[in-house]
There are 2 protein chains.
Amino acid sequence: MEYIKKYIDENQQRFLDELFGLLRIPSISSIADHKPDMIKAAEYWKETLLKAGADKATVMPTDGNPVVYGEKIIDPSLPTILVYGHYDVMPVDPIELWKSQPFEPEIRDGKIWARGADDDKGQAFMHAKAFEMMVRTGNLPCNVKFMIEGEEEIGSTNLEKWLETNKAMLKSDVILVSDTSMLEADVPSITTGLRGLAYVEVEVTGPNRDLHSGLFGGAVANPANVLAKMIASLHDDNNRVTIPGFYDDVMDVNPTERAEMAKAPFNLDTYKNSLNIQENWGEEGYSTLERVGIRPTLDVNGIWGGYIGEGAKTVLPSKANAKISMRLVPNQDHHKIAELFQKHFEAMAPKYVKVKVTPHHGGQGYVSPTDTIAYQAASKAIEDVYGKKPVPYRSGGSIPIISTFERILGSKTILLGFGLEGDAIHSPNENYPLQQFYRGIEAIPRFYKYFVEMKKK
Amino acid sequence: MEYIKKYIDENQQRFLDELFGLLRIPSISSIADHKPDMIKAAEYWKETLLKAGADKATVMPTDGNPVVYGEKIIDPSLPTILVYGHYDVMPVDPIELWKSQPFEPEIRDGKIWARGADDDKGQAFMHAKAFEMMVRTGNLPCNVKFMIEGEEEIGSTNLEKWLETNKAMLKSDVILVSDTSMLEADVPSITTGLRGLAYVEVEVTGPNRDLHSGLFGGAVANPANVLAKMIASLHDDNNRVTIPGFYDDVMDVNPTERAEMAKAPFNLDTYKNSLNIQENWGEEGYSTLERVGIRPTLDVNGIWGGYIGEGAKTVLPSKANAKISMRLVPNQDHHKIAELFQKHFEAMAPKYVKVKVTPHHGGQGYVSPTDTIAYQAASKAIEDVYGKKPVPYRSGGSIPIISTFERILGSKTILLGFGLEGDAIHSPNENYPLQQFYRGIEAIPRFYKYFVEMKKK
């Protein structure tokens, strides 16, 4: 597979230029004002696939942001790989913490800096370029289909219906996704598990208007204090979530598997130093990797109420709000958990406030088996490029749609992710190391080759 | 005193036009960008006093916003009344809740609507117009001094030094302030007590950057959750503040005085309905009026952390913040209380976060005696205009500088306030009923007259 290195060497600047064009489009799916940017990003992907050698590529409308679909069918009797990615990105707040503008990508210290550099423009783009390379050098060993959506960061709201409608068109032998991370650049890994997600927004309303905290303070319940108390009560002294029924469907991981997981390289001091924290935190009885890998959690993602500007204002706010999400493990149903949350939160509201719980998006967890041809092919491809066999590893993140793929399309997914922990996805200063970008482009054609070869046997 | 009604009738539209000129200046003292507006408002006051008949009026610089000083000395052997007010106002957030623009005053439903309409531009302006009336009609019975400052809403930071420096110039027999409220429009009252204030800002820092809540959630303490827990712990089950030593200096009010206070007209259902709350709240063992009048409190005035924009973002925030204020009763020292808070809040911080407490401004409480000539004169003036003897009443609000006046200038203060509970001071849609505005202008010359007459006896 000598051609791979050569092709990358000859085209690496163009690869970057083309990716930068995509990164410059501020396609933030959670902010309505960015609607036109979603269309722009989708069109950009369509052109990218056509130029790379797709037989056809179209921007397909949904009730929300469109899905880009492209394919190249070289022989219907050959296996088909379905590539999934997303062109939408997270918001950029707090913008003042960015060292360079989030939508003006630049290279510094061997990394691409931009919102979406990793998640998921950078990672998905590797597939477009690997595909182009295989087509142009005559090395494409099978059929390829692409589906690139625009609502991953808001729960893939409209993708499920689109999958149902286009089931036949999407038929494949395996789904390939690069939207996860490796343990470390020199500890290659393949994600074999994802957590589910239930996300809610809560609003606590006290008096019908903001009040003067002197004239009313002490005699009227303060919704910010009440919200704080309600949130505080969601964890017990062992840092377990107190919502009744929350753990009911959690499947305990057996001791053997836990022992296997414990072999993953992990250094708590390095971890704490990299985050600049003195002490870690989490559910009693579990290690840090277990806490993110196999246990469900509850986190405040945002909280606000009252006067948050400069200086002091003596106001007793009328409302206080929070965005709260729960990461779930396989077998926990996100609809059920969102309902349990809502019931519990509303039930515990004291009479002096009104509480409203609004569910946002959610998604189920996923476990990927390691005894499949697809996993073996992925493992071999990574080993070729990194010189080390990758570690199978359960990530704490969520890609809500992965479990839906299996349910509707009937195919397993391989999570061939090249992100790194330091990439700051969802945070200011998102970045993606150039080395990972090019290694991804090296590994992908290898996966295609091994997968098709193993399939034939 | 027939001349009063007549003069008001003939000049009422001009009074309003002139007040509107002041209300149009967005003199928000807590926001640095408004510095030029502070100067504008001070100059406006200077012109107002000169036109009203002051012998002199000057804008006197301080290390912060200037103080406007004006005087008319008709005879050094006569008593002197020192009028205090402030030209600065509170911020206007949340701006979207205002029905008309905060700095474009208008009359609707018999009320003036604008930021500062009551607090304190509207109320202080009554004194300027009453002074003008007494001068122009030859009814001024004594000397008058005005001091109108620009930092009341941020703790009168530089006024103390200015008072010390100008002590001799400010010599007076009584200080007259209209910056408080009456119980109701038909239940006139005079404020005889004010609460003190300690105001702090807290910052809880967890990891050194915003983290992906999936990849880190459950294994790293979330500062928003931690802050919620810390805030929740600040009240016990009886809604008492848990800071050690917080109540040490609170003087219990004796049963006789509590019985007297209980006679103030108050209807809990009306109160709850006006706020649209199902249940009131507060320290066990005290009535609503007691909770705001004679008991100290702790309220979150603002809280923020993480993603607070539209939609959902799965972030584990690096920081969470809150603005917290405590209303204090006489004998509680605000410096001491701010220190107790800081010590307690820092001491209870778990090791997995860092906590910073920054004290904002503060002020001492105040109790005004009812057996003075000044109180009797005020009571008689109010009774003349309202047809009812006013109720002495302890307000929950704070005017931090009042206790400083007594300490430095040696004079008692009369809190001759004409605000009403519905005026929404510090809130969106601040307003001031025209009736209260004109009644204030009627009452003030009566106070002058009675005070001077009683003094002579």
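Which residue is the bridge partner of L298(A) in β13(A)? The partner is M326(A), and the sections below place this pair in its surroundings.

## About the model

This is a predicted model, in which local features need pLDDT of at least 70, side-chain atom pairs count only at pLDDT 80 or more, and totals for chains, interfaces and linings use all residues. Residues are numbered from 1 along each chain as its sequence is written, while chains are lettered from A and ligands numbered from 1 in the order in which they are written.

## A sheet across both chains

L298(A) and M326(A) are bridge partners, and eight bridges join β11 (residues 297–306) to β13 (residues 319–328) in chain A, the two running antiparallel. Strands here are DSSP runs (E, at least two residues), numbered from the N terminus, and two of them pair if DSSP finds at least two bridges between them.

Follow the open sheet along and you meet eight antiparallel strands: β14(A)-β9(A)-β13(A)-β11(A)-β11(B)-β13(B)-β9(B)-β14(B). Because β14 (354–363) of chain A and β14 (354–363) of chain B each have a single partner strand, one side of each is left without a neighbour in the sheet.

## How the copies relate

## A three-stranded sheet

Chain A also holds an open antiparallel sheet in the order β4-β5-β18. Three bridges pair β4(A) with β5 (residues 111–113), and in β5(A) the partner of I107(A) is I112(A).

Methods. Helix = DSSP H or I, 4+ residues; strand = E, 2+ residues; numbered from the N terminus.
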